Amino acid sequence: MPKRKAARPLRALCLENVAANMQLLWAKDYAERSLDEHRFRYLLGPFNDLAGCLVRELIDFMGIKRRVTRPVLHLLLVPQLTELDLGRCSQLVTKDVAQMISSRCKNLSLLYLQRCSRIPSDALVDLIESLPSLKKLDLSDTQCNTQVLSAVGSTCRHLCELNISDCKRLSPDSLFHLAYDVTAGSFSCQGLQNSPCLKSLELFYLPFCLDEVFEKVLEPRGAALVRLRYLSLLQCQISISTIHLLLAADNQLNSLHLDKCPDIYRGDYDELLRKVSREGLDLHIQWQ
């Protein structure tokens, strides 16, 4: 006899009901009365008493269903949020929204802004500087530039994961600002350099060579990326000598992605595999 379908969790059913009635009920008054008349720095709405984890689930669910609108997004930016992923509604994320996040969501530890290219660089700087507790940050395909990375390096002391892939305004000098101590005028204690928490770093599709960046950041040995476990360099310009430098550095690297790196060849990949086997390293290397 076929098994009966399991009953759907009440929590999921309630969130779906809220999402289904968002436009006609929950966001109706704000959309009709206040959306275009005022720009509220703070807003007391129907979701201010909802647990932050449920607000995030609601944002994610509505993003998947493509039901997030401007008034809905404004109402869901509440102080109890600790995690916020706006990648599925990136077209709605503007300078005004960034300012709302800065004012209302001070407790964020995770912020994903992939493809949010409508936020100007200066607004990104202000946003990052208002969120010192960030542990996970995704700025891929945004207007992230040197000033933004400088803000990341000086503000986000607890950062564990960083994604700055496909940021076309970056240069090798931009990456140095993750490791540059402006006060001391040297590479010493910020961002990548001596970073105590950074475990995951994604640098996809960057249009410049990374050799000089890593050579500078990893000197002297043991000074940077000491907890790095995951490094993805998809389609980046980096030489095999720099990869060997990374493997010799004091870190905890166990996953290295080198897919489509134009300067890494089959012979280089085979050499890396032999090194891993010979030295008994717990390291997965992906290349094609």
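1. Helices H7 and H8. In this predicted model, helix H7 covers residues 121-129 and helix H8 covers residues 146-155. Two packed helices are described by the angle between their axes and the distance between the axes. Here the axes come within 9 Å and cross at roughly 5°. An angle under 35 degrees counts as roughly parallel, so H7 is roughly parallel to H8.

2. The residues where they meet. On the H7 side, the contact is made by Ser121, Leu124, Val125, Ile128 and Glu129. On the H8 side, the partners are Gln147, Val148, Ala151, Val152 and Thr155. Sorted by class, this contact holds 6 nonpolar, 3 polar and 1 charged residues. The spacing of the residue numbers is worth a look alongside a general point. An α-helix has 3.6 residues a turn, so residues three or four places apart point the same way.

3. How many of the 10 residues of H8 are buried? The count is 7, so H8 is largely enclosed by the rest of the structure. The buried residues are Thr146, Val148, Leu149, Ala151, Val152, Gly153 and Thr155. They pack against H7, against strand S3 (136-138) and against helix H9 (172-176).

4. The model has 3 aromatic pairs. In one of them, the ring centres of Trp26 and Phe47 are 6.0 Å apart and the planes stand at 50°, so the pair is tilted. Trp26 belongs to helix H2 (residues 22-26), while Phe47 is in the loop between helix H3 (28-33) and helix H4 (52-64). The pair therefore ties together parts that are 21 residues apart in sequence. Are these two residues buried or exposed? Trp26 is partly exposed, at 34% relative accessibility, whereas Phe47 is buried, with a relative accessible area of 4%.

5. A stacked aromatic pair. Tyr269 and Trp287 also form an aromatic pair, with 5.3 Å from centre to centre and 25° between the planes, and this pair is stacked. Tyr269 lies in helix H12 (residues 266-279) and Trp287 in the segment after strand S10 (284-286), so the pair ties together parts that are 18 residues apart in sequence. Both Tyr269 and Trp287 are buried.

6. Asn48 in the loop. Asn48 sits in the loop between H3 and H4. A polar atom of the Asn48 side chain lies 2.9 Å from the backbone nitrogen of Gly45. Which residues does Asn48 contact when its neighbours within four places in sequence are left aside? They are Leu43, Val78, Pro79 and Gln80.

7. Arg88. This residue is in the loop between strand S1 (83-85) and helix H6 (95-104). Arg88 is partly exposed, with a relative accessible area of 45%. Not counting residues up to four places away in sequence, Arg88 touches Asp60, Gly63, Ile64 and Arg115. Arg88 and Ile64 are 24 residues apart in sequence, and their C-alpha atoms are 6.8 Å apart in space.

8. The chain as a whole. The protein chain has 12 helices and 10 strands. Of its 288 residues, 51% count as buried. Among contacts between residues at least 6 apart in sequence, 75% join residues at least 24 apart.

Note on methods: Residues are numbered from 1 along each chain as its sequence is written. This is a predicted model: local features need pLDDT of at least 70, side-chain atom pairs count only at pLDDT 80 or more; totals for chains, interfaces and linings use all residues. Side-chain values use heavy atoms; hydrogens and water are left out. Rings of Phe, Tyr and Trp (its six-membered ring) pair if their centres lie within 6.5 Å; planes under 30 degrees apart count as stacked, over 60 as edge-to-face and the rest as tilted. Helices (H or I, at least four residues) and strands (E, at least two) are DSSP runs, numbered from the N terminus. Buried means under 20% relative accessible area, exposed over 50%, partly exposed in between (1.4 Å probe, protein chains only). A polar contact is a pair of N or O atoms within 3.5 Å; within protein, one must be able to donate a hydrogen and the other to accept it, and residues adjacent in sequence count only if both atoms are side-chain atoms. Contact means heavy atoms within 4.5 Å. Axes are lines fitted to C-alpha atoms, for helices over the stretch in contact, and angles run from 0 to 180 degrees between N-to-C directions. Angles under 35 degrees count as roughly parallel, over 145 as roughly antiparallel, 65 to 115 as roughly perpendicular and the rest as oblique. Ala, Val, Leu, Ile, Met, Phe, Trp, Tyr, Cys and Pro count as nonpolar, Asp, Glu, Lys and Arg as charged, and the others, Gly among them, as polar.
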